[in-house]
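Here are my notes for you, in numbered points. Keep the viewer open while you read.

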Amino acid sequence: MANQPPQQPPQQQRPQLPQHAIERIQAMRGPQGQRFFTSDLSVKEFLLVRESGFECAGLVMGSSIYHVGYQRGAWTQNQEMQVLTQALYAARELAMARMEEEAQALGADGIIGVRLKVNRHAWGENLLEFMAIGTAVYARDGNHGWRAPSGKPFTSDLTGQDFWMLVKSGYRPVSMVMGNCVYHIAHQGLGGWLKSVGQNVEMPNFTQALYDARELAMERLQYEAQVDGASGVVGADIYEWTHGSWDAHVIEFFAVGTAVLPLPGQEPLPTPQLVMSVDS
Amino acid sequence: MAFTSDLTIDELLLVEEAGFEPLEFVLGASYFHIGWQGAGWTTNCELTDVTSMMLGARMTAMSRLLAHAEKVGADGVVGMRIEMEREGHNAEFTAYGTAVRRRDGQGAAWRDRHGRPFTCDLSGEDFWGLVRGGFRPLRLSHGVCVYHVAHPGLGKALASLFGGQAFQNVEIPQYTQALYDARETAMERMQRDAADAGGHGLVGVDVREGSHGWQSHVIEFVAVGTAITAITDASHEVHEPPKVVVFAQDG
Amino acid sequence: MRRFENARGIFTSTLSPGEQVVARMTDLDPVAQVMGSSVFHVGFANAARGWGGGELVNLTHAYEHARSNALARLQEEARQVGAHVVVDVRFEGRGPRWGEDLVEFTAVGTAVRLRGQAPPPQPALTLLETDALWKLHHAGYWPVAVAMGNCFWYEPHADCTSEGSWFSQELPTHTRAATAARDLAVERFRAFAHHFGAHGVVGVRVVRQGRDHEYEINDNKHTSFHLEMLLMGTAVVRRSNAGEPPRPQLVVDLLDRPRRSSE
């Protein structure tokens, strides 16, 4: 089992943004002192983000449409399908990079509430659209220290509420980190299956495979966090699914979370008060 | 004159706390026949007739709701939503909401730049929160783009990139470009709508995409958001930082 | 009528735990599940067909009477158990399909008593659930009745000109029908509320069902438009002994909200 994280995709050129996107960003930037912002934050999130000392710069997004082909796998082995792993990783990275590009064009210090979506369109078989969308924000006091150690705007999938609570608890978001693994789980062969019909028994083949695949995804997520200079990851979650027309034994495990660094000088959180909602 | 409203009791209390009283449950409807617009197979292009009809139908429903609201003396409409129901080639658009009026008689300061009642899709709770935070809603802004995506055949598209290897995992720039254009166009139009109302920003933006059932390769993007601006009244109360609580039950 | 206490006085309840707390805090005791039914025969439901269109008066009245009668019988059951108010009133009913001439409605709800107070001559009715009722009470109001306004409208020649058309255009006949039906339903709704001396109507719900129906006369194809419009809500009055409504306070709960998900 390869424990090495996959090769980083080759350094992309600064991704070109479509003309319309550039126009919209310019319109939002506006003449000096007259910014027009768009955000998909809810009202509560909007108010909490302001409370944390930030203003909304605008809604930013990036997308890429990938043709995701197939990679043959041996039917008797549990193994990672590395070509597919790389492809899906690269597709998401491209979408995120375009989103970050829009944020930089806005002069933002960070992006909050990032959602990574995968869309399948009826007219495209084997075509997947990867979309990253979030709200770019900037610090009201002009302090660029909120940016990631690399100097780029921070990214995070935290909601406005979670962002406010993270800051209050003494941490700041650095980057949204991902790790993925496309795994083929070996068929047991009909004979092996028939033997276990009617018994409550663990299927060690499958169990082991799922363990391995999840571990790989998480490891890669942690590696990314390290590379970005973070000291921890919050809100890590793992999703699993099969894409479109893949064989049901091929699953992608996708781990995502927000890498964080400590924020010195925060007052401690007040003791929470217990309440009970009377809504049914 | 009795008030009518579709707000919950919580929302009613919060709307009153924000300084408004409910007037009437208002609605506006429009019925449209959705035409068909042809497009060349190999071009990415907007179906401008269909776009303007999908936007126009919504605006018609909304303006009828506004007329109803103005008739009862409203300063704004809270909890507005526009629903669409399709039957074959006909579509019905209905706008619903609760018209409200400022209690201190300063209602004119709350209307949009053209003096019409404000509209927003905010719940009573969000409306109160927004006002308390020093902002006011102006208009539920819309932007629509109905787009036809070129379909020369995937094989050809790939061939033009790499010599036709169907197993390639690779980005397809034409499609990416098409969807970018369509989404951005819808959002740009929504922004313009918001600026026209006098807004300085938009919250709660949602970009919905749907396929047009009877035509393949056609996607409709509808961007909706509430345009807001800061309350400039110096006597307006400034909110305190929120108090942290934990609910004793799930969900 | 189903009572919640069995012979030994043991209390069974359909209330959720939250509602139980509210019930305890506010002296509201659930007493019984009550209901009322009514079946109406519609005379000449399709009488409007063939002429210029307009309201299907017989159908409107049949539905209105069926619902009102069902509510009246539900109210009578509640009165018999000494209830103060019936909460969570819902209609279950079957309307006619084309060809049948019967319409049936059943109203169900939970009869509730205010502990330690004598019951009124007629219990109030409300579409609200117990917790909403408590908030309403706290806000200084009390329900009186379920206000309704309905209208059936028929347009015999809708959509004839745009059939098969390639252009997008508004359908003025449909719009006129919808506006007319709405105006009539709203007028009746307000009259209902006024009749009970209400200061307001809360929790308004609207049900609209429109249907295009194609038919042929003398080898000519026509499309008719049939629309039902119904408005319902709880008519409320201000309580004379109402105090100040509670003031809300902004809070943030630490529980995770459903995260914006990555897919």
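1. Let's begin with one residue: is Tyr223(A) buried, partly exposed or exposed? Bear in mind that this is a predicted model. Tyr223(A) has a relative accessible area of 39%, so it counts as partly exposed, the class between under 20% and over 50%. You'll find Tyr223(A) in helix H6 of chain A, which covers residues 204-227. Gln104(A) is 119 residues away from Tyr223(A) along the chain, and their C-alpha atoms are 25 Å apart.

2. Next, the cysteines. A disulfide is a covalent bond between the sulfur atoms of two cysteines. How many are there over all chains? The count is zero. Take Cys56(A): it is in no disulfide, and the nearest cysteine sulfur belongs to Cys120(B), 17 Å away. Seen from the other end, the closest cysteine sulfur to that of Cys120(B) is in Cys56(A), and 17 Å is too far for a bond, because a disulfide needs the two sulfurs within 2.5 Å. Cys56(A) is buried, with 4% relative accessibility, and Cys120(B) is buried too, at 0%.

3. Now have a look at the sheet that brings in strands from chains B and C. Five strands make up this open sheet, with mixed pairing, and their order is E1(B)-E9(C)-E10(C)-E7(C)-E3(C). Which strands sit at the edges? They are E1 (3-4) of chain B and E3 (54-55) of chain C, each of which pairs on one side only. E1(B) runs parallel to its partner, strand E9 (residues 200-217) of chain C, and two bridges join them. Thr4(B), for example, has Val201(C) in E9(C) as its bridge partner.

4. In soluble globular proteins, nonpolar side chains tend to be buried together. Here the largest core has 57 residues, and Phe46(A), Phe54(A), Phe20(B), Phe118(B) and Phe127(B) have the most contacts inside it. Helix H1 (residues 9-17) of chain B gives the most to this core: five residues. Apart from that core there is another, of 34 residues, including Tyr66(A) and Met176(A). As for Phe54(A), the residues it touches include Trp146(A), Phe154(A) and Phe163(A), leaving aside those up to four places away in sequence.

Notes
Residues are numbered from 1 along each chain as its sequence is written. Chains are lettered from A and ligands numbered from 1 in the order in which they are written. This is a predicted model: local features need pLDDT of at least 70, side-chain atom pairs count only at pLDDT 80 or more; totals for chains, interfaces and linings use all residues. Side-chain values use heavy atoms; hydrogens and water are left out. Buried means under 20% relative accessible area, exposed over 50%, partly exposed in between (1.4 Å probe, protein chains only). Two strands pair if DSSP finds at least two bridges between them. Helices (H or I, at least four residues) and strands (E, at least two) are DSSP runs, numbered from the N terminus. A nonpolar core is a set of buried Ala, Val, Leu, Ile, Met, Phe, Trp, Tyr and Cys residues joined through side-chain atoms within 4.5 Å. Contact means heavy atoms within 4.5 Å.
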